[in-house]
Amino acid sequence: MRKTLIALVSGAMLVAMPAICQAQAAEPAPSAEKVALVKRYFNAIHFEQMMTGIVNQITPAMMAQVRKSHPELTDTEFQAATDAITESTADFIKKMTDASIPVYADIFTVEELTKMDEFYETPVGQSIMAKVPEASQKLMPTVMALMPDFQADVQKRLCAKIDCSAKKANKPA
């Protein structure tokens, strides 16, 4: 069922991606001033490091799920999967950061970006940003504890929309 759901979601994303990209391409390019202000903001909030930290926090749980779902993997294969995810993540975060710049430039005004930069470059702003990883780390066990209920709720809602029992009955043994 999960593989089917993942395939459906992935397929929907692939179908929607050209429309999303076309909509983004229709947006006028942000001004150089706004791009510089967003980059300054991302630097002040340590955007790439924050994204890397988030991914590093969830990767062990993700890898545990891979290990659980694929017990046939040898230790070498499992390590290769871990390495591949780590390498891809670094590239993804860089691309995500670059792709986020025009989004922020579109949403926020020059005045807002300037004020955000000014605040996050202050000692208080830097102190807040320094504490975000600790807050995230302390919150992670709570989020992970909620995850089984969330997954069960998604499955329940999905099965209310489509007949899951028929899918299981038709599944080859």
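Trainee: At roughly what angle do the axes of α2 and helix α5 cross?
Mentor: This is a predicted model. In it, helix α5 covers residues 110-120. The axes of α2 and α5 come within 9 Å, and they cross at roughly 25°.

Trainee: Are α2 and α5 roughly parallel or roughly antiparallel to each other?
Mentor: The axes cross at roughly 25°. Angles under 35 degrees count as roughly parallel. So α2 and α5 are roughly parallel.

Trainee: Is the crossing of α2 and α5 left-handed or right-handed?
Mentor: Take the two axes, which come within 9 Å. Where α2 passes α5, the crossing is left-handed.

Trainee: Which residues in α5 does α2 meet?
Mentor: The α2 side consists of Glu33, Lys34, Leu37, Val38, Arg40, Tyr41 and Ala44. In α5 they meet Val110, Leu113, Thr114, Met116, Asp117, Glu118 and Tyr120.

Trainee: How do the residues of that contact of α2 with α5 divide into nonpolar, polar and charged?
Mentor: Both helices contribute; Leu37 in α2 and Asp117 in α5 are among the residues that meet. By class, the contact of α2 with α5 has 8 nonpolar, 1 polar and 5 charged residues.

Trainee: Is aspartate 117 buried or exposed?
Mentor: Aspartate 117 lies in helix α5. Its relative accessible area is 0%. Buried means under 20%, so aspartate 117 is buried.

Trainee: Which residues does aspartate 117 touch, not counting those up to four places away in sequence?
Mentor: Asp117 belongs to the contact of α2 and α5. Beyond four places in sequence, aspartate 117 touches Leu37, Arg40 and Tyr41.

Trainee: Now the other partner. At what angle do helix α2 and helix α4 pack?
Mentor: Helix α2 spans residues 32-44 and helix α4 spans residues 75-107. Their axes are 9 Å apart, and the angle is about 120°. That makes α2 oblique to α4.

Trainee: Is the crossing of α2 and α4 left-handed or right-handed?
Mentor: The two helices pack at about 120°. Where α2 passes α4, the crossing is right-handed.

Trainee: Which residues of α4 make the contact with α2?
Mentor: From α2 come Lys34, Val35, Val38, Lys39, Tyr41 and Phe42. From α4 come Thr97, Ser100, Ile101, Tyr104, Ala105 and Asp106.

Trainee: How many nonpolar, polar and charged residues has the contact of α2 with α4?
Mentor: Ile101 of α4 and Phe42 of α2 are among the contributors. The contact has 7 nonpolar, 2 polar and 3 charged residues.

Trainee: What is the phi of histidine 46 near?
Mentor: Histidine 46 sits in the loop between α2 and α3. With a relative accessible area of 30%, histidine 46 is partly exposed. Its phi is positive, in a residue other than glycine, and is near 55°.

Trainee: How many Å apart in space are histidine 46 and glutamine 126, C-alpha to C-alpha?
Mentor: Leaving aside neighbours within four places in sequence, histidine 46 is in contact with Gln126 and Met129. Histidine 46 and glutamine 126 are 80 residues apart in sequence. From C-alpha to C-alpha they are 9.4 Å apart.

Trainee: Over the chain, what share of contacts with a separation of 6 or more comes from residues 24 or more positions apart?
Mentor: The chain has 7 helices and 0 strands. Among its contacts with a separation of 6 or more, residues 24 or more positions apart account for 80%.

Methods. Residues are numbered from 1 along each chain as its sequence is written. This is a predicted model: local features need pLDDT of at least 70, side-chain atom pairs count only at pLDDT 80 or more; totals for chains, interfaces and linings use all residues. Side-chain values use heavy atoms; hydrogens and water are left out. Axes are lines fitted to C-alpha atoms, for helices over the stretch in contact, and angles run from 0 to 180 degrees between N-to-C directions. Helices (H or I, at least four residues) and strands (E, at least two) are DSSP runs, numbered from the N terminus. Angles under 35 degrees count as roughly parallel, over 145 as roughly antiparallel, 65 to 115 as roughly perpendicular and the rest as oblique. A crossing is left-handed if the near helix is turned anticlockwise from the far one by less than a right angle, and right-handed if clockwise. Contact means heavy atoms within 4.5 Å. Ala, Val, Leu, Ile, Met, Phe, Trp, Tyr, Cys and Pro count as nonpolar, Asp, Glu, Lys and Arg as charged, and the others, Gly among them, as polar. Buried means under 20% relative accessible area, exposed over 50%, partly exposed in between (1.4 Å probe, protein chains only).
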